[in-house]
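Open the model in your viewer and keep the sequence panel beside it. The stops below go from the whole chain to single residues.

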Amino acid sequence: QVQLVESGGGLVQAGGSLRLSCAASGRTFSSYAMGWFRQAPGKEREFVAAINWSGSNTYYTDSVKGRFAISRDNAKNTVYLQMNSLKPEDTAVYYCAQYWFRDYDPGDGIQYWGKGTLVTVSS
C-alpha cells in the first residue's frame with residue numbers, strides 16, 4: 001500500500017512563502033496524478049492543485065492561481081507545493097493525495113491520502 005508523507009508546514013507571516021513536500025513510497029510514483037487539498041477550521045476540505053503523472057499539466061483552484069505552484073520530481077518520488085504571497089485565509093491543514101489514474105480529472109476520486117501538514121499564516 002502507498003504511503004504519503006507531507007512536510008514543510010509551519011508558521012509564516014502574511015506575504016511570505018512556504019514549500020510543502022509530499023514523499024511517496026510503496027508504488028511507482030510516476031504512474032499517478034497527484035494533488036494537494038486543504039482544510040481550514042470550520043471549513044470543508046477543498047481542492048487546491050493537481051498535477052498529472054509526468055508534470056506536463058497542472059491545475060489550480062481560483063483562489064491560489066498566480067500564488068501557488070505544484071510540481072513533481074519523479075526521480076525523488078516527491079510532489080511539491082510552492083506557496084507564495086501567503087494570506088491568513090490560506091491557513092489550513094494541507095493534504096497530499098494520489099489519484100487513481102495518470103491524468104487529473106475533477107471527477108476523480110482519491111486512492112491515497114497523506115495525514116496532513118499544518119500551515120499557519122499570521123497577519
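Contact, as used on this tour, means heavy atoms within 4.5 Å. This is a predicted model, in which local features need pLDDT of at least 70 and side-chain atom pairs count only at pLDDT 80 or more, while totals for chains, interfaces and linings use all residues. Residues are numbered from 1 along each chain as its sequence is written, and side-chain values use heavy atoms, with hydrogens and water left out.

**Whole chain**

Select everything and colour by secondary structure. The protein has 0 helices and 11 strands; helices (H or I, at least four residues) and strands (E, at least two) are DSSP runs, numbered from the N terminus. In sequence order the pattern reads β-β-β-β-β-β-β-β-β-β-β. The radius of gyration is 13 Å, close to the 14 Å that the globule rule gives for 123 residues, so the protein is as compact as a globular protein of that length. That radius is taken over C-alpha atoms, and the rule is 2.2 Å times the number of residues to the power 0.38. Along the principal axes, the C-alpha trace spans about 40 × 25 × 25 Å.

Switch to a surface. Of the 123 residues, 40% count as buried. Buried means under 20% relative accessible area, exposed over 50%, and partly exposed in between (1.4 Å probe, protein chains only). Of the contacts with a separation of 6 or more, 58% are between residues 24 or more positions apart.

**Val 48**

Which strand holds Val 48? Select β5 (residues 46–51), where Val 48 is found. At 0% relative accessibility, Val 48 is buried. Beyond its neighbours within four places in sequence, Val 48 is in contact with Trp 36, Phe 37, Arg 38, Tyr 59, Tyr 60, Thr 61, Val 64, Phe 68, Leu 81 and Tyr 94. For a distance label, pick Arg 72: it is 24 residues from Val 48 along the chain, and their C-alpha atoms are separated by 15 Å.

**Ala 97**

Move to β9 (92–99), the strand in which Ala 97 lies. Ala 97 has a relative accessible area of 0% and is buried. Show the residues around Ala 97: leaving aside neighbours within four places in sequence, the contacts are Leu 4, Ala 33, Met 34, Gly 35, Phe 37, Ile 110, Tyr 112 and Trp 113. Gly 109 is 12 residues from Ala 97 along the chain, with 9.7 Å between the two C-alpha atoms.

**Thr 117**

Next select β11 (residues 117–122), which contains Thr 117. Thr 117 is buried, with a relative accessible area of 11%. Outside four places in sequence, Thr 117 is in contact with Glu 6, Ser 7, Gly 8, Gly 9, Leu 20, Ala 92, Val 93 and Tyr 94.

Go to the loop between β6 (58–60) and β7 (68–73), the place of Arg 67. Is Arg 67 buried or exposed? At 11% relative accessibility, Arg 67 counts as buried. A polar atom of the Arg 67 side chain lies 3.0 Å from the backbone oxygen of Ser 85. Contacts of Arg 67 beyond four places in sequence are Gln 82, Met 83, Asn 84, Ser 85, Leu 86, Lys 87 and Asp 90.

Centre on Ser 85, in the loop between β8 and β9. Ser 85 is partly exposed at 41% relative accessibility. Its phi is positive, about 50°, although Ser 85 is not a glycine. Most residues other than glycine have a negative phi.

**The loop between β7 and β8**

Finish in the loop between β7 and β8 (78–83), where Asn 77 is placed. Asn 77 also has a positive phi, about 55°, without being a glycine, and is partly exposed at 29%. Ala 75 is in the loop between β7 and β8 and counts as exposed at 74% relative accessibility. Ala 75 and Asp 108 are 33 residues apart in sequence and 25 Å apart C-alpha to C-alpha.

Note on methods. Polar contact = N/O pair within 3.5 Å; in protein donor to acceptor, adjacent residues only side chain to side chain.
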